[in-house]
Amino acid sequence: MSDAILSLSDVTKQFGSLLASDSVTLDLRAGEIHALIGPNGAGKSTLIKQIAGEIKSDRGDIHFNGQNINALDAVARSRMGLARTFQVSSLMPEFSVLQNVMLARQSVSGKVFRFFKPVLGDKSLVDPAMAQLERVGLADRAQMRAADISHGERRQLEMAVALALEPKAFLLDEPMAGMGPEGSKRLTGFLDGLRGQAPILLVEHDMDAVFALADRISVLVYGRIIATGTVDEIRGNDDVKRAYLGEEA
Amino acid sequence: MTMNREFLINSILAIALITVPLIALGMDEPFIITLATKVAIFAMAGVGLNLVLGYGGLVSFGHAAFFGIGGYAAGILASHALNYEPIMESPFLIEGTTQMIVIWIVALVVSALVALVIGAITLRTSGVYFIMITLAFAQMIYYFAISWPAYGGEDGLSIYVRNGFPGINTLDPISFFALCAVMLAIAMVFSAVLIRSRFGLALQGARQNAQRMTAVGIAPFRIRLVAFVISAMITALAGALYADLNRFVSPTMLSWHMSGEIMVFVILGGVGRLFGPLAGAALYIILEHLLGGVWEFWQLPLGVLLLLVVLFARGGLVGVLAGERKHV
Ligand SMILES: Nc1ncnc2c1ncn2[C@@H]1O[C@H](COP(=O)(O)OP(=O)(O)OP(=O)(O)O)[C@@H](O)[C@H]1O
Ligand SMILES: [Mg+2]
């Protein structure tokens, strides 16, 4: 437990009569990819939102980097080093691909209230932003409007923005969604190398990717974690088979 | 390509603004110079609003408050100076002034403070609520001005002699026009620099996707509040000039009609386009001048035009002429 970067205990959120997350206890350790899987509507995205601070939990504690972050808003949590990607790409459509990443760099630099220096000539923003675009293979799209790139490229841009934040933990909500087999394979390879930079809480439906990447897997069903364990443990778990993997295995 | 075309359109607008009054001077048509001055001042008010409306996506329906505050700064300070009545005597003496520079500083400071308060409250809302609450605040100030007899109440306040500026005879129409045109140019350059800065990027980001802003760790509220204050200051400066143009200030400058007019300049000319407010104000004044004299309902075609712009040409006049932008 001591090497947990992020830990949740008893985290709960109710929408009306629906328990979207139900006493969730979970941790993310240094250097690991922790996959969070579960059927549609299980509450995975809700849990990501609670961790990111976009939804206030009804109950429970979230610790990040040894600090209780319950009282911090989403902006503060991001600035502490929690970077998330969205299940449905959430970008600045009218900005260029490069500007999307520069905005994240601007936030990291801590200097947003600068009124006179033109941003596009600012090498301290442009260079590191370009570097992240190169990492995800989007450098040749840098000057295109984010609205005009393909769906798969928008997924890559989501990643580049998260990388640009130089976070201490990644919260990735279905990064492979709609990427196609080719793109998924490439992203799987990329994420594999990323765990050394910061641990990843990975929500993903693509089971090939999950089994290839995860150090541990937690299974969420109706807001409850029904099992946490290694890939082999989860594959052999009868409850999990029945509740989730059954249809595929 | 489109960049070049927009540059061309902008240049034509700028040249027209400067040459029309010069030709009018040659033809001894001071009224035309006054119209051009009005265009420059309205454009400047629009440049202020465009910062929040165009770049920040915040539909403020209360910018007449700042336009009027600027106007009353000019009117009140001048009336005290011209009547030799100090504004207050204790605990220390504050006197009026007929110096535009002092008036402008007062207009900037007061409008900034008022915008800070209004913005801090209104920017917690969005959409229709934001429109209505900015309107409500402006109306509060409007009614306050009406019911404050010390400065003319409903009748307004006359400025017997146009306020002064060092080295310029402000009573000379072309000189006063030049002063207003320079102020407009400064406001536009300032605004152009601002939107290209880090702050400008954040402001335009907050317009497009607040969720994404939050996720990268930038709070949209603070960005918007600073933009709202700067925007109010520019519009207030225009208001001070407008009071001096008319040598008169009244609650009309604070009314919701005025808020609407400033909004029309921006929307007609091109929301989020640097020269949009100038194009819009020019078109508005030209229509008013050409049609207003012969037809009581001249605002009807204006309304239709506005509707067409909103429905079919979101880039306004500048957008139609210069084409869509690649990215911001
Ligand atoms: N803001 C909300 N108000 C009410 N109900 C909500 C809200 N957000 C989510 N829900 C409900 O909570 C449940 C969990 O939703 P959530 O989006 O977290 O599921 P998920 O596990 O991410 O599903 P998917 O795999 O389809 O992305 C769903 O039944 C959803 O309809
Ligand atoms: Mg989801």
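At roughly what angle do the axes of helix H3 and helix H5 of chain A cross? The close-ups below start there.

This is a predicted model, where local features need pLDDT of at least 70, side-chain atom pairs count only at pLDDT 80 or more, and totals for chains, interfaces and linings use all residues. Residues are numbered from 1 along each chain as its sequence is written, chains are lettered from A and ligands numbered from 1 in the order in which they are written, and side-chain values use heavy atoms, with hydrogens and water left out.

**View 1. Helix H3(A) beside helix H5(A).** The axes of H3 (residues 97-109) and H5 (residues 151-164) of chain A cross at roughly 20 degrees and come within 8 Å. (Axes are lines fitted to C-alpha atoms, for helices over the stretch in contact, and angles run from 0 to 180 degrees between N-to-C directions; helices, H or I, have at least four residues and strands, E, at least two, both being DSSP runs numbered from the N terminus.) So H3(A) is roughly parallel to H5(A), a label for angles under 35 degrees. Among the residues that meet here are Val97(A) and Ala104(A) from H3(A), and Leu157(A) and Val161(A) from H5(A); contact means heavy atoms within 4.5 Å.

**View 2. A sheet in chain A.** Here's an open sheet of 6 strands, in the order E6-E7-E8-E3-E9-E10, with mixed pairing. (Two strands pair if DSSP finds at least two bridges between them.) E6 (82-85) and E10 (224-229) of chain A stand at the edges with a single partner strand each, so one side of each has no neighbour in the sheet. From one strand to the next, the twist averages 15 degrees. Strand E9 (residues 216-221) of chain A runs antiparallel to E10(A), joined by 5 bridges, and Ile217(A) sits opposite Gly229(A) in E10(A).

**View 3. Helix H6(A) across the strands.** H6 (residues 180-194) of chain A lies across E3 (33-37), E7 (169-173) and E8 (200-203) of chain A, and it runs at about 155 degrees to E8(A).

**View 4. Two residues of chain B.** Val128(B) belongs to helix H5 (residues 127-146) of chain B and is exposed, at 56% relative accessible area. Thr170(B), in the loop between strand E1 (157-158) and helix H6 (173-196) of chain B, is buried at 4%. (Buried means under 20% relative accessible area, exposed over 50%, partly exposed in between, with a 1.4 Å probe and protein chains only.) Leaving aside neighbours within four places in sequence, Thr170(B) touches several residues, including Met100(B), Phe165(B) and Leu179(B).

Key:
Parallel < 35°, antiparallel > 145°, perpendicular 65-115°, else oblique.
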